[in-house]
Amino acid sequence: MDRFVFLTFDGLSKGAVLAAFALALVLIWRAARIVNFAQGAMAVAAAYAGYSVTSATGSYWLGFAAALVGGLLIGVVVERAVMRFVDHSSPLSEVIVALGLVLVVQAVLGMVYGNEFLPAGTPFSRNALSVGDVPLLSRYDLFVFGAVLLVLLGLALLFTRTSVGLRMRASAFAPEVSRLLGVNVGGMLTLGWALASAVGALAALLVIPTELGLHPHAMDLVFVSAFTAAVVGGLDSPPGAVVGGLTVGLILSYVSGYLGSDVTPMAVLVLLLAVLLVRPGGLFSSTVARQA
Amino acid sequence: MTADDVILQVKGLTAGYGAAPVLQEVDLTVRAGTIAAVLGANGAGKTTLLRTLSGLVRPSGGEIVYGGQPLRDVPVEQLVRRGMAHVPEGRGVVAELTVDENLRLGGLWRRDREDAAKALTEVYELFEPLAQRRRSAGHQLSGGERQMLALGRALVARPKLLLLDEPSLGLAPRVIAQIMALLRQLRDSTGLTVLLVEQNVRSALSVADEAVVMSLGRIVTATSADRLRDDEELRHAYLGF
């Protein structure tokens with residue numbers, strides 16, 4: 001039972017990061033109808049920017065802020081300089097461009113920083129705090145939960161309580177109508193990419209220290225899990241991304257804990273396949289609204 | 001007719017999708033404070049005309065003068081600020097947003113927040129069913145309610161010229177009559193100019209001051225709505241009934 005409790009908390013901690021990363025995918029899907037396969041590479045690039053600042057200043061928090069700002073800027077550049085010029089009549093061209101971007105970003109990062117794993121520090125201890133004899137969460141896990149929760153609340157407030165959020169949602173759902181109503185749809189799209197990229201950068205900052213370290217390919221497997229989370233929840237649904245992220249996090253933790261970590265990539269793919277076969281729109285898809 | 005009377009003047013307008021022009025050398029004059037009906041069969045170019053006027057389709061030739069100013073290179077997003085509102089075919093309600101969000105969206109660009117809020121209140125007074133369904137999502141509304149919402153959202157912007165595409169599509173005759181009566185009321189009370197694209201000729205002519213008939217991308221006749229309604233020979237020649 002103790003093991004189950006530990007794995008549950010561990011899974012929720014992993015799931016929180018996956019939820020943030022899945023949310024980044026959902027934000028771009030809603031804004032541009034693109035599955036951003038470059039999300040992982042963009043997030044790693046932002047994390048490297050943070051690493052550079054931390055190395056130069058010795059401050060984790062300055063590096064943290066630099067990575068988030070870097071994420072925002074990378075999102076703006078990718079949308080304005082690349083994605084805006086892609087032929088949107090075929091989804092395949094967007095996928096190919098995104099995959100091409102992955103190769104370019106990872107190659108450039110490899111050339112600049114090398115292809116070795118770099119150490120990524122944490123601002124808080126990763127030693128689990130125990131309740132009784134059961135190790136539950138570390139201070140770092142609590143930081144992860146807090147950071148993800150803050151982002152979720154911030155995005156929820158932005159989208160439901162502000163005029164910018166209303167403009168962003170309208171632009172995503174009905175771009176032509178939004179333009180007729182005076183909304184700068186292009187600007188909203190750029191903002192969507194910037195926010196999504198910053199959220200992806202946050203997820204990278206949170207997850208990389210718990211893995212092998214910083215590396216151009218550090219987010220490859222995380223991307224697969226987060227993509228599965230986004231599909232499980234429904235690519236259209238931010239709450240779905242959160243539920244999907246936590247679900248995938250728990251499954252990864254249980255499978256890894258009970259069956260071994262070698263099996264976890266397969267478990268993620270089986271889950272992805274099952275959802276695509278049974279409910280391709282995801283658990284929280286808004287198909288009804290879209291057909292109206 | 002003086003220049004001040006004219007709110008919209010179109011000269012030699014040619015536009016389309018890809019290489020094939022849909023509109024060919026269209027000339028059109030709309031007087032301020034009138035309802036002008038654009039009639040014609042499916043594929044005549046009526047919707048393309050509205051989409052070109054509001055900037056959604058780029059013209060390949062000709063000129064659009066609105067409020068005395070040429071509209072060439074004015075972005076779509078700017079036209080609502082100049083007083084032109086377009087309610088597209090299919091009503092253009094954002095299905096995922098609530099009634100209140102859809103309506104607020106219509107006035108977000110306005111700097112005068114107080115007047116935008118006042119306009120919103122007026123729309124709720126004008127369309128009582130919407131006031132009762134403020135929190136309902138667009139996709140939960142009936143066809144008539146969606147048409148009210150689309151119209152109301154355009155009115156929040158306090159437009160001078162309303163481009164209205166097929167407002168009667170899929171609606172019951174009673175609802176169509178209400179919408180036409182509302183257009184007449186708005187014209188009389190606020191001086192709103194309406195360019196009304198309709199397949200339902202009788203409904204359109206019941207409310208319009210002027211009528212133009214389009215066929216294969218060209219305007220084949222432009223006359224008063226009364227004349228087109230009353231002159232059987234003319235009606236038969238251009239509208240086939």
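In helix 10 of chain A, the buried residues are A:Gly240, A:Ala241, A:Val242, A:Gly244, A:Gly245, A:Val248, A:Gly249, A:Leu252, A:Ser253, A:Val255 and A:Gly257. Buried denotes under 20% relative accessible area, exposed over 50%, and partly exposed the range in between (1.4 Å probe, protein chains only). The model is predicted: local features need pLDDT of at least 70, side-chain atom pairs count only at pLDDT 80 or more, and totals for chains, interfaces and linings use all residues. Residues are numbered from 1 along each chain as its sequence is written, chains are lettered from A and ligands numbered from 1 in the order in which they are written, and side-chain values use heavy atoms, with hydrogens and water left out.

**Helix 10 of chain A**

- Helix 10 covers residues 238-259, which is 22 residues; helices (H or I, at least four residues) and strands (E, at least two) are DSSP runs, numbered from the N terminus.
- From first C-alpha to last, helix 10 of chain A reaches 31 Å, close to the 32 Å expected at 1.5 Å a residue; the expected span is 1.5 Å times one less than the number of residues.
- The cover over its buried residues includes helix 1, helix 5 (139-161), helix 9 (220-233) and helix 11 (264-278) of chain A, where contact requires heavy atoms within 4.5 Å.
- A:Ser237 caps the N-terminal end of this helix, with a side-chain oxygen 2.8 Å from the backbone nitrogen of A:Gly240.
- Such a polar contact is a pair of N or O atoms within 3.5 Å; within protein, one must be able to donate a hydrogen and the other to accept it, and residues adjacent in sequence count only if both atoms are side-chain atoms.
- Just after the helix, A:Gly260 adopts a positive phi of about 110 degrees.

**A:Ser138**

- A:Ser138 belongs to strand 2 (residues 134-138) of chain A and is buried, at 3% relative accessibility.
- Its side chain reaches the backbone nitrogen of A:Asp141 at 3.0 Å.
- Not counting residues up to four places away in sequence, A:Ser138 touches A:Ser125, A:Arg126, A:Asn127, A:Ala128 and A:Leu129.

**Salt bridges**

- Over all chains, the whole structure holds 17 salt bridges, each a side-chain nitrogen of Lys or Arg within 4 Å of a carboxyl oxygen of Asp or Glu.
- B:Arg51 pairs with A:Glu176, the closest N and O atoms being 2.7 Å apart.
- This pair crosses between chains, from helix 1 (residues 46-53) of chain B to helix 7 (residues 175-180) of chain A.
- B:Arg51 is buried at 18% relative accessibility, whereas A:Glu176 is partly exposed at 34%.
- B:Arg104 and B:Asp100 form a salt bridge (3.4 Å, N to O); both lie in helix 3 (residues 99-105) of chain B, four residues apart, about one turn of the helix.
- B:Asp226 and B:Arg229 form a salt bridge (2.2 Å, N to O); both lie in helix 9 (residues 225-230) of chain B, three residues apart.
- Salt bridges that share partners also join B:Arg110, B:Asp115, B:Glu122 and B:Arg158 into one network.

**Nonpolar surface patch**

- A:Met1, A:Phe4, A:Tyr258 and A:Leu259 form a nonpolar patch on the surface, with about 490 Å² of accessible area together.
- Patches are made of residues with over 30% relative accessible area and no salt bridge, like charges being joined within 9 Å and nonpolar side chains (Val, Leu, Ile, Met, Phe, Trp, Tyr) within 5 Å.
- Accessible areas come from the Shrake-Rupley method with a 1.4 Å probe; for residues, only the protein chains shown count as cover.
- A:Phe4 lies in helix 1 (residues 2-32) of chain A and is partly exposed, at 36%.
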